[in-house]
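User: I've got a two-chain model open and want a quick tour. Can you walk me through it?
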Amino acid sequence: MPQEDEQFDSLPPAIVDALRDLDGPAVMPDPRRDADVLSGARQHLAETAGLSRKRRNLRLFFAGGAGGAIAAAAMIALIVFIASPVNGPQSEQDFAANTPDSPQSAAARPGDLNDDGTIDILDAYVLAKQIERDPSSLAMDLNRDGEANQRDIDWVAQQAVALNTGERG
Amino acid sequence: MKTLAATILFVLLSAWGLSSIALAERDEQQPPVQDGPVPAGTTFLTLDVTIDPNGQPMGAYQFELTSDNASFTVVGVEAGEHAAFDHGRPPYFDPVATQGETDRLILAEYALPEFDADQLPTRAVRVATVHVMFADPLHEHENPSIQLNLTAAGDADGERIDADVSYSFRTPERPE
């Protein structure tokens with residue numbers, strides 16, 4: 001082995017001797033033993049592969065089911081969000097009713113300025129006249145936004161024409 | 001692999017089904033579309049509403065329009081002809097009446113406060129024009145039964161006055 005000798009040229013002689021002592025006589029295994037080992041290995045691999053396929057199928061089943069459930073839940077949440085009615089007041093009256101400081105919640109029929117038991121356009125007209133005479137009067141600030149103005153008149157008038165609470169004549 | 005495909009199919013079918021339900025519900029909540037082809041049997045009518053304050057100055061009015069034989073949808077409201085009621089916008093009404101069929105509409109307006117009593121109308125005056133759509137087919141030559149009820153009319157001080165309300169159908173103008 002001239003190539004091996006060239007490789008050992010750079011090594012100390014003690015190491016070269018130790019390396020050469022590692023090479024022992026060639027050992028040939030019994031072919032029948034070899035076949036038994038090979039057969040056993042194949043059987044083991046076959047069983048392992050079958051079990052592994054079952055486990056993989058089981059994992060896919062659960063993963064798929066969980067994924068489907070999550071997707072369905074997300075879809076239901078999205079649909080509930082889309083189908084839910086638009087948030088916020090749908091009318092000025094709803095706004096007034098939902099506002100804690102609104103006149104409607106502060107006192108019964110605050111828009112009934114002429115005190116005839118009914119909120120109608122005459123109340124809005126009286127209010128418009130009073131605001132025209134004295135715009136600085138906060139007594140006419142029915143919606144309590146800090147000033148008496150057109151918004152207060154509109155608030156009364158919209159109550160007068162509201163179909164859900166307007167009184168039938 | 002089959003399980004994965006089945007899962008994907010299940011999710012897609014679920015999404016399709018639930019989306020259809022959601023869209024159908026949303027369509028029900030939306031107001032009817034006013035433009036586009038008019039369904040057969042739909043009738044559009046224009047009413048001119050007139051109030052006669054019988055010689056007294058009228059500073060405010062409020063009336064209720066109802067129909068006892070057909071529901072309707074309000075498709076437009078115009079202000080009247082007198083300058084005292086010209087706010088640059090239609091009279092007050094509930095927009096709910098424009099979003100679906102109803103059997104009543106309340107209309108109201110007050111005179112601009114800077115108008116004095118002698119500037120307010122004292123005779124019959126057209127106070128509003130209402131455009132309504134009747135979706136139910138009406139019999140030939142039959143008009144829907146419409147009632148007007150004047151619920152409030154006031155003078156220059158907001159005191160109640162007696163007045164009369166009436167309406168007339170406006171004949172559509174035909175191009176020559």
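Predicted model: local features only at pLDDT ≥ 70, side-chain atom pairs only at ≥ 80, totals over all residues.

User: Fine. Where does A:Ile15 sit?
Analyst: A:Ile15 is in helix H2 of chain A, residues 13–22.

User: Which residues make the nonpolar surface patch?
Analyst: A:Ile15 is one of them, along with A:Leu11, A:Leu19 and A:Leu22. The patch covers about 350 Å².

User: Now the inside. Which residues touch the most other members of the largest nonpolar core?
Analyst: A:Ile121, B:Phe63, B:Tyr110 and B:Val127. The core has 57 residues.

User: Which elements supply at least two residues of this core?
Analyst: From chain A, H6 and helix H7 (150–161). From chain B, E1, E2, strand E3 (72–79), strand E4 (104–110), E5 and strand E6 (146–154).

User: Which one gives the most?
Analyst: H6 of chain A, with seven residues.

User: Back to A:Ile121. What does it touch?
Analyst: Leaving out residues up to four places away in sequence, A:Ile121 touches A:Ala157 and A:Ala160 in chain A. In chain B its contacts include B:Tyr61, B:Tyr92, B:Ala108, B:Tyr110 and B:Ala152.

User: Switching to B:Met133. Which strand is it in?
Analyst: Strand E5 of chain B, residues 125–134.

User: Buried or exposed, that B:Met133?
Analyst: Buried. The cut-off is under 20% relative accessible area, and B:Met133 is at 14%.

User: How many residues apart in sequence are B:Met133 and B:Thr73?
Analyst: 60 residues apart in sequence, yet 5.1 Å apart in space, C-alpha to C-alpha.

User: Where is A:Asp115 found?
Analyst: In the chain A loop between helix H5 (103–106) and helix H6 (121–133). A:Asp115 is exposed, with a relative accessible area of 66%.

User: And what about the phi of B:Asn54?
Analyst: B:Asn54 has a positive phi too, about 55°, and is not a glycine. B:Asn54 is in the chain B loop between strand E1 (43–52) and strand E2 (60–67).

User: How does B:Asn54 count on accessibility?
Analyst: Partly exposed, because its relative accessibility is 42%.

Methods: Residues numbered from 1 in each chain as written. Chains lettered and ligands numbered in written order. Heavy atoms only, no water. Patch = residues over 30% accessible without salt bridge, like charges linked within 9 Å, V, L, I, M, F, W, Y side chains within 5 Å. Areas by Shrake-Rupley, 256 points an atom, 1.4 Å probe, with all protein chains shown as cover. Salt bridge = Lys/Arg side-chain N within 4 Å of Asp/Glu carboxyl O. Helix = DSSP H or I, 4+ residues; strand = E, 2+ residues; numbered from the N terminus. Buried < 20%, exposed > 50% of the residue type's maximum accessible area, 1.4 Å probe, protein only. Core = buried A, V, L, I, M, F, W, Y, C linked by side-chain atoms within 4.5 Å. Contact = heavy atoms within 4.5 Å.
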